[in-house]
Amino acid sequence: MGISISLTDLPIKQEGIVEEILGTNQNKRRLLDLGFVPGTRVKTVRKSPAGNPIAYLIRGTVIALRKSETDLIIVQTAEENEEESYAWGTSNFEEKI
């Protein structure tokens, strides 16, 4: 098993699994609506030159979030040899990243 960190600390091209959403009910609802549901795989795609916002691949979609939002998302880092528990979808988007 991996370690629990905030999504902000997940390195580029690394994957994690959403464990928990912190913050107010309004913030939680928005992040859940965007697909950051516990058990879902997420991958850091790229960071802006200033480091904010950061783009993430989740459920086949790239979403950019500010650090203030990603600090609220706790993920467990994925192991290198861990089996895929979530299909990224049928597109070749991941190969282009």
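Modeller: In this predicted model, a residue counts as buried when its relative accessible area is under 20%. Buried residues make up 38% of the 97 residues in the chain.

Colleague: Thanks! What makes a group of residues here a nonpolar core?

Modeller: Its members must be buried residues of nonpolar kinds, such as Val, Leu, Ile and Phe, joined through side-chain atoms within 4.5 Å. The largest such core has 16 residues, and L7, V18, L31, F36, V42, I73 and V75 touch the most other members. Strands β2, β4, β5 and β6 each supply at least two residues of this core, with the largest share, three residues, coming from β4.

Colleague: Which residues is I73 in contact with, leaving aside its neighbours within four places in sequence?

Modeller: Contact requires heavy atoms within 4.5 Å. For I73 the partners are I5, S6, L7, V18, E20, I21, L31, F36 and L65.

Colleague: How do you know that β1 and β6 pair?

Modeller: Pairing takes at least two bridges between two strands. β1 and β6 have three bridges in the antiparallel sense, so they count as a pair. S6 stands opposite I74 in β6.

Colleague: And why are β1 and β5 called edge strands?

Modeller: The open sheet has the order β1-β6-β2-β3-β4-β5. β1 and β5 each pair on one side only, which is what the name refers to.

Colleague: Where does helix α1 lie?

Modeller: Helix α1, residues 25-33, lies across β2, β5 and β6, and runs at about 145° to β2.

Conventions:
Residues are numbered from 1 along each chain as its sequence is written. This is a predicted model: local features need pLDDT of at least 70, side-chain atom pairs count only at pLDDT 80 or more; totals for chains, interfaces and linings use all residues. Side-chain values use heavy atoms; hydrogens and water are left out. Buried means under 20% relative accessible area, exposed over 50%, partly exposed in between (1.4 Å probe, protein chains only). Helices (H or I, at least four residues) and strands (E, at least two) are DSSP runs, numbered from the N terminus. Axes are lines fitted to C-alpha atoms, for helices over the stretch in contact, and angles run from 0 to 180 degrees between N-to-C directions.
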